[in-house]
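Here's a quick tour for anyone opening this structure for the first time. Have a look at the view below, then read on.

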Amino acid sequence: MKLKTFCTEHESFILGTGFIVILLALWESVPLWYTLPKGMALFFTTPSKVAAAFQQLLINGEIEKHFYVSAIAFLAGLGLSIVVGLPLGLLMGRSQTLEALLDPYVTSFNASPRIVWLPLMILWFGIGIWSKIVIVFAGAVFPLLINTYAGVKNVNRVLVNVVRSFGANEWQLMKVVVLPNSLPYIIAGLRLAIGRAILGVVVGEFFGSSQGLGYMIASAATNYKVDVVFVGVAIFMALSVILTLAVKQLESRLASWRPETAKTF
Amino acid sequence: MRRPLAKMPPFIRANDITLVFKSKNRDPVTALNNLSFEIERGEFVSIVGPSGCGKSTFLNMLLGLVRPDSGHMQMNGTPIKGPGQERAMVFQEFGLLPWRTVTANVELGLELKGVAAAQRTQRAMELIKLVGLNGFERHYPHELSGGMKQRVGLARALATEPEVLLMDEPFAALDAQTRDLMQAELLQIWERTKKTVLFVTHSIEEAAYLSDRVIVMTARPGRTKQIIDINLPRPRDYEMRLTPEFNEIKSRIWEVLKEELIPGSRR
């Protein structure tokens with residue numbers, strides 16, 4: 001009985017992990033029931049080999065070194081995009097002058113792939129951390145800015161009038177209505193920005209770096225170390241899941257006032 | 001010494017107010033045309049008129065959110081140029097901040113004015129008690145019924161101690177019974193606090209029941225068509241609404257308003 005209630009309570013978790021375990025087991029068993037041709041076997045690996053490679057890289061400190069480099073670029077670039085994108089989005093939403101001034105740049109930069117800037121960034125900033133930070137920033141800042149701007153534009157007019165009727169200045173209006181009202185948009189923008197930032201780190205390290213997890217994947221691939229490639233891929237997948245969960249956590253904390261959705265039949 | 005009443009300037013005066021809405025691709029629409037009236041301190045005045053005659057817009061002007069194209073508005077002899085502490089509005093759709101608790105919503109005006117936290121919470125508690133919301137201090141708006149939400153709206157407007165309460169169809173979104181209850185409580189609060197009230201409504205019954213005077217406006221462009229005195233004794237209660245005198249006043253308002261509602265009957 002107790003087991004049954006446990007199962008219903010954690011249904012989605014059990015199904016999710018269970019399916020992953022089954023897939024991993026299937027993958028692991030491939031060499032047991034099928035002999036790969038020699039040429040393909042070189043590029044094939046199994047979860048146990050990936051785990052062994054992971055352990056090896058952990059012991060010799062490779063992962064720590066690359067992870068650290070990537071994390072710095074990610075955090076610095078994302079942090080910078082929050083510091084710039086959020087206030088700029090708020091201001092652009094409130095001021096028609098700023099909107100007219102900046103809108104052409106925002107639209108054209110956002111619509112073009114950021115990678116086209118990478119060669120220039122490498123020329124200007126070298127293959128160190130700075131070119132990566134700039135690329136991460138360029139990827140993450142626009143979803144944040146554009147979502148914040150959209151949130152401000154969709155602010156509830158009645159609430160703005162309420163707050164203005166009490167003699168609020170523009171700054172108070174921002175703090176009391178505009179920002180809280182735009183939060184769902186900003187969080188959605190943050191989620192997009194995190195994805196773009198990870199992409200920026202990887203792409204930056206593929207082409208313009210001698211360190212970092214992206215570099216580790218790229219150089220392992222050139223040396224046919226497929227298990228190391230998978231270690232890198234798995235780390236990025238795990239990080240994406242963790243960061244998404246963190247944003248959801250942040251969202252539910254900020255929106256604790258929201259009504260719970262009613263259960264339907 | 002008090003000066004004789006006749007020599008005092010009116011408490012609120014609107015003089016020749018005109019407002020034209022201009023929008024792209026469309027002809028300008030005259031919303032208000034030479035609207036004028038005066039209100040004395042402590043009066044309860046209702047404005048009725050056909051939909052779209054500019055009643056709510058006019059209330060927003062008195063609040064200081066909309067500027068007229070021409071004409072003058074003054075209160076206490078000072079021109080109205082923007083929002084001010086002496087005026088507060090109770091909004092039709094409540095206008096509560098959904099992410100704030102009842103207490104924090106009531107505190108809003110005081111907070112924006114920079115009143116210290118302890119002081120404003122104390123003031124909020126008094127008002128929550130006044131409107132009968134004890135026990136709901138920490139609830140969020142979505143947890144309240146329509147009537148309770150508007151009690152919060154009323155408490156918030158009263159919190160900053162305005163001299164004038166502007167009410168924009170405050171009970172329009174409520175069911176009939178809640179509405180009757182809220183009207184009765186508004187009258188009690190009005191009698192206790194001695195505020196001047198300017199009340200916009202669609203309901204003739206509501207206007208007649210609550211007011212000292214009812215301003216009937218014309219269809220767009222809005223002007224004052226007629227001002228009707230309601231000489232019914234106070235305090236008023238629900239039973240008064242069943243008397244012939246009350247019905248006689250209602251039909252008088254209706255006769256005036258009818259001409260504006262039915263196209264063609266207006267000369």
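Rings of Phe, Tyr and Trp (for Trp, its six-membered ring) count as a pair if their centres lie within 6.5 Å. Going by that rule, there are ten aromatic pairs over all chains. Keep in mind that this is a predicted model.

**Aromatic rings in chain B**

A pair of aromatic rings is described by the distance of the centres and the angle of the planes.

| Pair | Centre to centre | Angle between planes | Kind |
|---|---|---|---|
| Phe44(B) and Trp190(B) | 5.5 Å | 80 degrees | edge-to-face |
| Phe44(B) and Phe199(B) | 5.8 Å | 40 degrees | tilted |

Where do Phe44(B) and Trp190(B) sit in the chain? Phe44(B) belongs to strand E3 (residues 44-48) of chain B, while Trp190(B) is in helix H5 (residues 176-193) of chain B, so to speak a link between distant parts of the chain, 146 residues apart.

Phe44(B) counts as buried because its relative accessibility is 0%. Phe199(B) is at 0% too, so it is buried. Trp190(B) comes in at 9%, and therefore counts as buried as well.

Which residues make up the aromatic cluster? Phe44(B), Trp190(B) and Phe199(B) form one cluster together with Phe171(B).

Elsewhere in chain B, a charged side chain meets a ring: Arg241(B) lies over the face of Tyr209(B), 4.0 Å from the ring centre.

**Two helices in chain A**

Now for chain A. Helix H9 (residues 157-165) of chain A packs with helix H10 (residues 170-207) of chain A at an angle of about 145 degrees, and their axes are 10 Å apart. The crossing of H9(A) and H10(A) is right-handed.

Which residues meet there? On the H9(A) side you'll find Leu159(A), Val160(A), Val163(A) and Arg164(A), and they meet Leu173(A), Val176(A) and Val177(A) of H10(A). Sorted by kind, the residues of this contact are six nonpolar, one charged and no polar.

**A tyrosine on show**

Last stop: Tyr105(A), found in helix H6 (residues 96-111) of chain A. Tyr105(A) counts as exposed because its relative accessible area is 52%, and exposed means over 50%. Leu90(A) is 15 residues from Tyr105(A) along the chain, and their C-alpha atoms are separated by 16 Å.

Note on methods:
Residues are numbered from 1 along each chain as its sequence is written. Chains are lettered from A and ligands numbered from 1 in the order in which they are written. This is a predicted model: local features need pLDDT of at least 70, side-chain atom pairs count only at pLDDT 80 or more; totals for chains, interfaces and linings use all residues. Side-chain values use heavy atoms; hydrogens and water are left out. Axes are lines fitted to C-alpha atoms, for helices over the stretch in contact, and angles run from 0 to 180 degrees between N-to-C directions. Helices (H or I, at least four residues) and strands (E, at least two) are DSSP runs, numbered from the N terminus. A crossing is left-handed if the near helix is turned anticlockwise from the far one by less than a right angle, and right-handed if clockwise. Contact means heavy atoms within 4.5 Å. Ala, Val, Leu, Ile, Met, Phe, Trp, Tyr, Cys and Pro count as nonpolar, Asp, Glu, Lys and Arg as charged, and the others, Gly among them, as polar. Rings of Phe, Tyr and Trp (its six-membered ring) pair if their centres lie within 6.5 Å; planes under 30 degrees apart count as stacked, over 60 as edge-to-face and the rest as tilted. Buried means under 20% relative accessible area, exposed over 50%, partly exposed in between (1.4 Å probe, protein chains only). A charge sits over a ring if NZ of Lys or CZ of Arg is within 6 Å of the ring centre and within 35 degrees of the ring normal.
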